[in-house]
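This report walks through a two-chain model, chain by chain and then across the contact between them. Please keep the structure open while reading.

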Amino acid sequence: MLDEEFKRQILTLYKIIDELDYYQILKVDQMAFDEDIKTAYFEESRLYHPDKFYTEPPDIQERVTKIFKRVCEAYKALSNQEKRALYTKLINGPERQKYLRFDLRLLKEEEEKKEDEGSTPLAKKYYKMAKTAFQNKDYKAAKVNLQLALKLEPNNQTFQDKLKEVEDILARRKGL
Amino acid sequence: MGRAVGIDLGTSTSCVACVIDGKPQAIPGPDEKPIQASVVSFLPDGGRVVGNEAKRMMIENAESTIYSAKRLIGRKFFSPEVKKAQAVCSYKIVEGSNQSVRIRIRERDYSVPEISAMVLMEMKKIAENYLGEEVDKAVITVPASFNDGQRQATKDAGTIAGLNVLRIINEPTASSLAYGYGKGLSQKIAVYDLGGGTFDISILEIGEDVFEVISTAGDSYLGGDDFDDRLIDYFAERFMRDFDIDIRTDRKALQKLKNAAEQAKIELSEKLETQISIPKIMETMEGAKDLDYTINRNYFGQMVMDLIQRTFKVCDEALQNAHLTIEDINALILVGGPTKSPIVQDAVKNYFFKDPQANIDPELVVAIGAAIQAASLTERRPGALLLDVTPLSLGIATAGGLMDVLIERNTPIPTESSRIFTTTHDNQTAVRIKIYQGESKFYEKNELLGEFRLAEIPPMPKGEPKIEVTFEIDANGIVNVTARDKDTGKAQSVQLTVSGGLSHEEIERFKKEHAGAGKEEVKAYKPKAELPDR
């Protein structure tokens, strides 16, 4: 049997876990080294791994499973440099509450923010037209416009990536 | 309360193990062998035999003897793997409801989980006879690369067999447990698992009692059976050159050649050269002809080298995903019968710059690890904690053909991810969403797990309902979907249709049907064991 003290600890954590950020869940500092994050993940697993509660009543199992899922989620986000940097920035910003749980879509959004829409007016125009065509699923038109934009600014990374994506889609359609 | 065991349900062979007096051990079957063929043979009188005895009936009772069911489990009827099996298997594969696969035996259709359940029942029986106690709980292993459908179908097989399935665990993870349990290690290890039908590589970190899977990768279309196929083709081609007739056109002759090729492959592990001879294998215009050839290990090695190289591509991928290099790996563990071959061993040694761990039997290690996990879960003092990952990314279909990834592969499990869904026109009361697993950015190239339908949405203007759908991957690697109204918090009805799967009603019905058959067999079992070996 679990001792009462530990049961209370589980209940408290279960109740407040939605308010905690990943660092608080793993009980590590925001400056922690990668090794510390792994050590913390192992330590928290030793405490809350649901297998340790396999023969306990369902309510306890449900609580530790929720806690443990969050521990895993915290580790997954903080053990990746790119995700950790973005996450740390967001939870220290004004909308902390909104970003306590990491969403993969945030990485995509971040990438889109880095979008380089071109520096010459004509390339900008072609890129805009390509984007509209893409939204309308007219991938052939999108391709032509991107190729034109790239003629004007051959080194633009955004144009290059977008063209690759369009070409992938077209190649796949051909294959079908 | 009955005992808990670990079962390695393999493509070609299965094994059951149990922790007895604190010591995990594999349990021998009626022929004293702990490794039993995953074969079920249905007899003309309505009875059936399972295991090594059934394997001996593959020639005389070819159409009613089922092998390699694991290659079909949890797959859809139209999948390439099922098409391939249809072409080569001696038994009949037909389409069931909901795109599922059925096996037709003597005018009756069986689902694949039922066939696997018969193998599991045999393993249960072997353990019960040995322990002299009822066995009602089990940890069952699956290849790490198995998707949701395959895991669910394996779990269903356990339920049909009358077992409480404590957990579905990954074969490489089970192996790491058998290797590192109770040793207090602090190591990074690679588990190279080449089975009969699948290849898996898992990279793990062991921190005393914690076993963390850092990454896993696999090829579910590559196994030791492919090595056999190379040998079969080689001998068939030689025979065709000599006698101008193709053995592969005659199922009975092909089955004989299959058995002989498998035997030759095993002999080449011991010897540098072996002979394969089957008298009167085929009738030709000039009478019956014998097949009689020799083959040496080097030549066989050249024949399969590309297959072995394919496994290393997968190893590269797993190491890369783990952000590790070969030098970081402290120990190498080989799993699966095919890794007993010196050809495979030498190649793997060269790849990892390391000798594999000795004292580990590649054919027993998975079942032993499963037995440790079973004991750990039931004995209230877990000695080992597994931190496993999901092998495949989980996502939903979006407009434009792209997959919106909700949970990436190699994410620790259990895990969950939520999304808010809404309606696209006024007063819409249902929304359909398709779930996929796989790594392609286009959902069509990934495996469709199923479709769920959010129903009984209160009529509202479009975009107003906010339904939060939670996708969970549980500790078994199985996907569960739940939904609730974001505003009211009320549970929202979700109807999930898993492609190719069994319904709850079917599972319960099969369980009852087979429970009856199983009991009689247990009674009839003892005397049967005394029959002379044929």
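What pattern does chain A follow, read along the sequence? Chain A runs α-α-α-α-α-α-α-α-α. The model is predicted.

## Chain A: helices and spread

Chain A has nine helices and zero strands. Its radius of gyration is 24 Å. The globule rule gives 16 Å for 176 residues, so chain A is more spread out than a compact globule. Along the principal axes, the C-alpha atoms of chain A fill a box of roughly 70 × 40 × 25 Å.

Two domains divide chain A: domain 1 (4-113) and domain 2 (121-175). The C-alpha centres of domain 1 of chain A and domain 2 of chain A are 40 Å apart. Of the 176 residues in chain A, 27% are buried. Take the contacts in chain A with a separation of 6 or more: 49% of them join residues 24 or more positions apart.

## Chain B: overall form

Chain B holds 11 helices and 27 strands. How does its radius of gyration agree with that of a compact globule? A compact globule of 534 residues would have a value near 24 Å, and chain B has 24 Å, so the two agree. The C-alpha trace of chain B spans about 80 × 55 × 50 Å along its principal axes.

Buried residues account for 48% of the 534 residues of chain B. Among contacts in chain B with a separation of 6 or more, 67% are between residues 24 or more positions apart.

## Chain B: domains

Chain B splits into three parts.

The C-alpha centres of domain 1 of chain B and domain 2 of chain B lie 30 Å apart. Each of these two domains gives five residues to the contact between them. On the side of domain 1 of chain B that touches domain 2 of chain B, three residues are nonpolar, two are polar and no residues are charged.

## Nonpolar cores

In soluble globular proteins, nonpolar side chains tend to be buried together. Here, the largest nonpolar core has 145 residues. Which residues have the most contacts inside this core? They are Val5(B), Ala17(B), Ala367(B) and Ala371(B). Helix 3 (residues 112-131) of chain B supplies the largest share of this core, 10 residues.

Leaving aside neighbours within four places in sequence, Ala371(B) is in contact with Val5(B), Gly6(B), Ala17(B), Cys18(B), Val19(B) and Pro24(B). A second, separate core has 21 residues, including Ile10(A), Ile67(A), Phe68(A) and Val71(A).

## Where the chains touch

How many residues of chain B are in contact with chain A? The contact takes 19 residues of chain B and 20 residues of chain A. On the chain B side, the elements that give two or more residues are helix 10 (365-378), strand 19 (385-387) and strand 22 (415-421).

By class, that side of chain B has 10 nonpolar, six polar and three charged residues.

Notes
Residues numbered from 1 in each chain as written. Chains lettered and ligands numbered in written order. Contact = placed C-beta atoms within 7 Å. Helix = DSSP H or I, 4+ residues; strand = E, 2+ residues; numbered from the N terminus. Nonpolar A, V, L, I, M, F, W, Y, C, P; charged D, E, K, R; others polar. Domains from an automatic or database assignment. Core = buried A, V, L, I, M, F, W, Y, C linked by C-beta atoms within 7 Å. Buried ≥ 20, exposed ≤ 12 C-beta atoms within 10 Å, placed from the backbone. Rg over C-alpha atoms; globule rule 2.2 N^0.38 Å.
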